[in-house]
Amino acid sequence: MNEVERRKKLAFKALLCAFFVDFLGYAFIVPILPSWQQQFGINATQATLLISVWALPMFLFGPWTGRFTDRIGAGRTLTYSIGLLSLSSLLYMVATSESLPHPFALLVVARLIHGASGAAIMTAGLSAASQLWPNNFGETSGKLLGVAAAGGLFGPVLGGVLFSWVGAKAFLLLGLITALVLPLMMYASRAIGVAQTPSQGNVSVKVFFTNPVLFKVGVLLSITTVATGALEAGVPLFLDDALGLSAGEIGGVLLVMVLMQAAGSWIWGRLVDKNGPTRYMLVGWTFVVISLFGVGIMGWYLSGFSAILAMILLLGVFQFSIAAAQIPMLPIIDTAANRALGTGNPGLAFGAFGTAWAAGTIVGPLLVGPMFDISHSWPIALGCLVVPTSIALWITVKNRTMLEECYMSEMERRQSQS
């Protein structure tokens, strides 16, 4: 193994750890949320907004986070972000133990810092991966998001167990786990990525609205997170209210969903590098629409054990398929941004699309709640997600040739230069 390969291997290990602890912390608070609701006397809407606050910094500052990453380098950005991630855990602990005045305000501040550092990790991590593995970025990004999903899976388990044992000190342990990544990140910083020099100077963010490929992929990416965000909020309530599942049984269904998304991220990423992205996007959107339609129909007509089995199957298909729709977009973002912005702007590209990602994450939970209030039916509320996902399928079908040509032309250029 030569020096270049050794540096890439080190960088990949550090990126995997960063993505894992990022989503570990994001999901860590899920089982603790009811305790916060009781402790601080907040209603369900306020508790839900506390979850959504995590995505707010990514939505507001995505492009600027990207410019910062390009200016100082992905390695240093990740190092600082891991440090802030550890700090947010300590602020969670102080707020939960009510050691300072205005603990709930401190909790919101901790959530914002957590979200800002998490956004920077996503932006810098994908930016670094696009530069280090330009010819197999699909596989690499799929692996990174697959490991992130694993962190999201392990987070609620660890958070629930630790909080039940040691209370607020659980966040101290979360901070220590996150801080353990810091030495590796500092050591691997230069291997991950240094400052970029944009070949076309400072590019206006307006290009993400005027460039047809970048704009359409941004819309498609936000629809994926609208769907996943809505299901993340609505499925536990559906399984509880309509099917009467216990917390453990709900956890089992969510386990299947996360595992299917993690597996899908890994598998679809490898296939994209071999065969191009759009065929898998079409497959993904088609089965997303079918599975959501099935959730609405089966949830309405079935009950008891048969309904539970149907939901496990359909939601598993949804998660596996949404990965097929989502993961291929990352290489398209990479190639389209290179064509539109020139080299040296990978952080800006993924920061801007982080805004689209966050917009869907915020909108999804806010969409499914009113739909339930109108219909008084969780199957109908979740099944209505067929509408935006069908629009996404139509956009993909209509623009398949343009998306494919953008990706293939850039990849052929890279292959000729390697």
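1. A helix here is a DSSP run of H or I with at least four residues, and helices are numbered from the N terminus. The model itself is predicted.

2. Start at the surface. Leu84, Leu87, Leu90, Phe154, Val157, Val161, Trp165, Val166, Leu172, Leu173 and Leu176 make up a nonpolar patch there. Together they have about 960 Å² of accessible area. The elements giving two or more residues to this patch are α5 (74-97), α7 (137-166) and α8 (170-179). The largest share is five residues, and α7 provides it.

3. Look at one member of the patch, Leu172. Leu172 sits in helix α8. Its relative accessible area is 34%, so Leu172 is partly exposed.

4. Now compare Gln319. Gln319 belongs to helix α14, which covers residues 304-326. Is Gln319 buried or exposed? Its relative accessibility is 5%, and buried means under 20%, so Gln319 counts as buried. Set aside the neighbours within four places in sequence, and Gln319 contacts Met257, Met260 and Gln261.

5. How many cavities of 30 Å³ or more does the structure hold? There are three. The largest cavity has about 100 Å³ of space.

6. Which residues line the largest cavity? The lining consists of Met58, Ala119, Met122, Thr123, Leu126, Leu221, Leu330, Ile333, Phe350, Phe353, Gly354 and Trp357. At least two lining residues come from each of α6 (103-132), α15 (329-341) and α16 (346-375).

Key:
Residues numbered from 1 in each chain as written. Predicted model: local features only at pLDDT ≥ 70, side-chain atom pairs only at ≥ 80, totals over all residues. Heavy atoms only, no water. Buried < 20%, exposed > 50% of the residue type's maximum accessible area, 1.4 Å probe, protein only. Contact = heavy atoms within 4.5 Å. Patch = residues over 30% accessible without salt bridge, like charges linked within 9 Å, V, L, I, M, F, W, Y side chains within 5 Å. Areas by Shrake-Rupley, 256 points an atom, 1.4 Å probe, with all protein chains shown as cover. Salt bridge = Lys/Arg side-chain N within 4 Å of Asp/Glu carboxyl O. 1 Å grid on protein atoms, 1.4 Å probe; cavity = no way out; pocket = protein on both sides within 12 Å on 5 of 7 lines; lining within 4 Å. Points joined across faces, edges and corners; volume = space filled by probe spheres on them.
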